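Subject: Structure handover

Hi,

Here is the structure you asked for. My notes follow below it.

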2 protein chains.
Amino acid sequence: MRLSQFHLHTEKETPAEAELASHRLMLKAGMIRKLAAGIYTWSPLGLRVLRKVEAVVREEMDAAGAIELLMPSIQPRELWEETGRWEKFGGQLLKIRDRKDAEYAYGPTHEEVVTDFARHELASYRQLPVTFYQVQTKFRDEIRPRFGVMRAREFLMKDAYSFDVDAEGMAASYAKMHAAYTRIFSRLGLRFRAVLADTGAIGGDASQEFHVLADSGEDAIAWSDTGNDNDAAGYAANVETARAAAPGPRPAATEAMRTIDTPTQRTCEAVAELLGIPLQRTAKSVAVVGHDADGGPQFVVVLVRGDHEVNEIKLSKVPGLGEYRMATEAEILEHLGSEPGFLGPVAPAKPVRVVADLEVAAMADFVVGANRRGEHLAGVNWGRDLPEPDAVADVRSVVEGDRAEDGGVLRLMRGIEVGHIFQLGRKYAEAMGCTVLDAAGKAAVPMMGCYGIGVSRIVAAAIEQNHDDAGIVWPEAMAPWTVAVCVINPKNDPAVAEAAAALHDELAARGLDVVLDDRGLRPGPMFADIELIGIPHRVVVSGRGLEAGTFEYRARTAAEAENLEREALLERLAGPQGSRH
Amino acid sequence: MRLSQFHLHTEKETPAEAELASHRLMLKAGMIRKLAAGIYTWSPLGLRVLRKVEAVVREEMDAAGAIELLMPSIQPRELWEETGRWEKFGGQLLKIRDRKDAEYAYGPTHEEVVTDFARHELASYRQLPVTFYQVQTKFRDEIRPRFGVMRAREFLMKDAYSFDVDAEGMAASYAKMHAAYTRIFSRLGLRFRAVLADTGAIGGDASQEFHVLADSGEDAIAWSDTGNDNDAAGYAANVETARAAAPGPRPAATEAMRTIDTPTQRTCEAVAELLGIPLQRTAKSVAVVGHDADGGPQFVVVLVRGDHEVNEIKLSKVPGLGEYRMATEAEILEHLGSEPGFLGPVAPAKPVRVVADLEVAAMADFVVGANRRGEHLAGVNWGRDLPEPDAVADVRSVVEGDRAEDGGVLRLMRGIEVGHIFQLGRKYAEAMGCTVLDAAGKAAVPMMGCYGIGVSRIVAAAIEQNHDDAGIVWPEAMAPWTVAVCVINPKNDPAVAEAAAALHDELAARGLDVVLDDRGLRPGPMFADIELIGIPHRVVVSGRGLEAGTFEYRARTAAEAENLEREALLERLAGPQGSRH
């Protein structure tokens, strides 16, 4: 490929609107151009990268035995009514009326369509297991589209759906996809983690997310230091759902309960400081309103350790709390008899339900608010100063240094979610009446899995993980080209232009994905472009070099360039660092 | 590829709703499944064919120097307002409101988006010429979606857009695309014609359509027999716009005008029969209402030869007739003084404008209606019995046997439009303020071309052209697989299964796109499937064959199978008939 025959359009200025490095660099390198909020054109340069990701994804899906099809982007309302998601999916579902007033949605995901396909095409257990997949454009009407293609409204996704006769088969199909995803992200050259995840709006029994690790990631993930890099061997989970090892047994009480004056101390931190005790000895009371057995409102005090935070997703799974909300100040005054800042589970104004985090339930001699302005209680003990908690549950987020369930120590990192796999069970197949005849000749509802990869998001995530001040630093497998041959002064030095073209042709013939920068730019702007767009290997062909019989070679990640003779250069590019296309 | 690991789902019954062979066969072969009106899922089998077409299109676009990008499917209303097409495009434009009430359309074409891209990315004439293309999903909200993917609402299209500094450059870019299209349809193995076309709603200066020839085609095309098959060397045009060679000079009058009694003869055919003269001696009068110089309504009599038909598209291009409509009976009575069936240009009740087709203007001694019930006039001559026509123009459709402009004879065929190329000129760039600096440093509006191929429609069109009673007969380049190895009784005869698998592997290693039918079906249903899905080459591996040391080979188009020894079979499949993937 000759760059003079390509359309490369880099920007000199740093785009003001871009908050994230990937967004800024993609605009600056001219990979994408915004058409509307969350809607982008992929330029020729950007598309080369997108297609490389797509190709790796497709190869690994095929290798895993998944079968590609192509479902429509426009889906009829009736299908979404069958699963109840026409209403439930929420505002991200872009609803459309055609000229005959029939209603459709631009597919944000394809569980309904693939289940409709399956109920017509699958008749017998003999056709199972089967996994269908597609690489296709999706639309989600984000309220706040931002960060370029990281959180775009229109985006490219690989979605796959497995059908099995039973839970064992579903787990096997799921494991195959897990392995395929691991190969995909490994081949793409990304540092990533597969972590346990909440199933969220898709629902189902089990799920894992694949995160590209980057400090700017929106998600916090926890992983046990027993695991290796990129490996799911150790415990790893999204902080939304991550668990620490259970605490040991509760120690015996050693102190009497006493009232402490805390006139201005409204936080656990302030009280611990006043008392000169570790924050871990205090417990924080969070007042929420859930439901009682009859579905009426029920006031609940949730207790987590002073150094912990309530995890809203975990809390929502405590029975009776599914649809909880924060209590109002009036409700707090009514039930606890106090204003916020001094709340506690001891002697409330009215009987309340107490939900204690695992760690709090295992504490003795702890400090809580006294439900009186300016006072806290110390030396508090369960069963003596207040009843045992009504419920004990894991309702807090893990923190760095927690003991992991697998014996390791939990570490926290930021990640960008680029893949998500789910065991759906029978949820969709049942709602849509999808059955196959089982071995006994009876109609059986298949068990499904669904598996998504954000193809366009991977491009942005890779940049978040791999960039420096000069621009993008592509992993080999994702680079628009792996080698750039830069020509110095081609117009005035035909011998140089010829030598560069010959080198380009030879590298291409050897299977390298090489581009010849024959645009005739001065070295400064030319090298700046090649660095900005992140080409892993740069070779400079100049008159001086030709005289000396050498080419200047520099890896994108290397501090310095080196002069190599032809054979040494070819060897270097053919080595483990030189990737073929 | 092993068919047991694939999802093939053919139907035994012929789908009732399908009118066209391609629609019926695609449903029967399980290539597509309807999701909603004009919206289809491409099954794994169908997608294999679609991807083969897509790959050929992409290769030839790349070879022609076009540069691929990817524009969004969802386009903001504001862009379409700039060209006035938000209103003008009509009901096919699927309009959408997002959650913030902003308006968008699902792109039916991308002139606006690519021009927006160009006005940001192209700054200098040095960046021209450039042609961008994409392969992308489009939506057109057809009133009557039908014939499966032939006239679907959601479909896959390759659209390309060229930018040049001047008309000469535009013509050169257009010629390159014309050549690329010719290569594409040739490589796909289709019989086709490139024909001159009307520019329609896209507008612009010149355009050609590419038609796959098939009796069921919606379009009539005319081609001069000077041209060869698939070659644009001879004159060829859509009948909408096709011209015949101009007639010779008008002969001198030899008859006197006389009135003929035609009590029940209301058509040229009936009058000619009554008089015993050729239909070519009569002229048909069609009454329409156009516009006068001030834009007011103007009654017009259009004359075409008795054996010809008025061509509405040509007629609409006669000055003053752009927005014409058919005259009402009341208007006809007022202006001509007669009822339909006896109309003519001689002695109308009021002065009327007369538009004569080229052929009619060159006639002498002809027959027309007398504007009196039950009477026609014979021996009519221009300039003597009535004034010379107000306008002479080509306003009729060509017919089989017309002389062509290039000296040949025009033949008519039916075609399916699968490609359309346009010279747009400055229409879009001007409306959207897209300029580049020219060599003199002045802002210049580039000249554009646009070039579309209906990728998904090609699949249906190829089937219309290539099928028989047993099913589809794919051209090699489009077949889901080029060779099927069918195994007889694999479960009970492991040696046969092994030999078939070995043959499959060897053919695959030789680069053939081969599928092993190891599903264990009985020969009848297995062969029926393989014929239905149109595999060009079938090899049967059976116990009897193994004993004899032969394989049964049959080309899809051959009447009989033959038994070939291994080497002869390999040679046959590797020959010009065996295509590599």
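**Chain-to-chain contacts**

The side chains of Arg153(A) and Asp98(B) form a salt bridge, 2.8 Å from N to O. The term means a side-chain nitrogen of Lys or Arg within 4 Å of a carboxyl oxygen of Asp or Glu. Arg153(B) and Asp98(A) also meet in a salt bridge (2.8 Å, N to O). Arg153(B) lies in the loop between β7 (130–139) and β8 (154–164) of chain B, and Asp98(A) in the loop between β5 (94–97) and β6 (103–106) of chain A, so this pair joins two chains. Helices (H or I, at least four residues) and strands (E, at least two) are DSSP runs, numbered from the N terminus.

Before you go further: this is a predicted model, where local features need pLDDT of at least 70, side-chain atom pairs count only at pLDDT 80 or more, and totals for chains, interfaces and linings use all residues. Residues are numbered from 1 along each chain as its sequence is written, chains are lettered from A and ligands numbered from 1 in the order written, and side-chain values use heavy atoms, without hydrogens and water.

The rule finds six salt bridges across the interface of chain B and chain A. Over all chains the count is 105.

In all, 54 residues of chain B contact 54 residues of chain A (heavy atoms within 4.5 Å). The two chains bury about 4600 Å² between them, 59% of it on carbon and sulfur atoms. That is accessible area (1.4 Å probe) lost on putting the two parts together, summed over both. Leu35(B), Leu70(B) and Arg99(B) supply 15% of the area that chain B buries against chain A, more than any other three residues.

**Sheets in chain A**

One open sheet has five strands, in the order β16-β14-β15-β17-β20 (chain A), with mixed pairing. Strands pair if DSSP finds at least two bridges between them. The edges are β16 (325–326) and β20 (391–393) of chain A. Two bridges join β14 (residues 283–291) of chain A to β16(A), and these run antiparallel. Val288(A) has Met326(A) as its bridge partner in β16(A). Helix α9 (residues 329–336) of chain A packs on this sheet and touches β14, β15 (297–305) and β16 of chain A.

Another open sheet has three strands, β13-β19-β18 (chain A), with antiparallel pairing. Its edge strands are β13 (258–261) and β18 (366–372) of chain A. Four bridges join β13(A) to β19 (residues 375–380) of chain A. In β19(A), Ile260(A) has His376(A) as its bridge partner.

Best wishes

Conventions:
Axes are lines fitted to C-alpha atoms, for helices over the stretch in contact, and angles run from 0 to 180 degrees between N-to-C directions.
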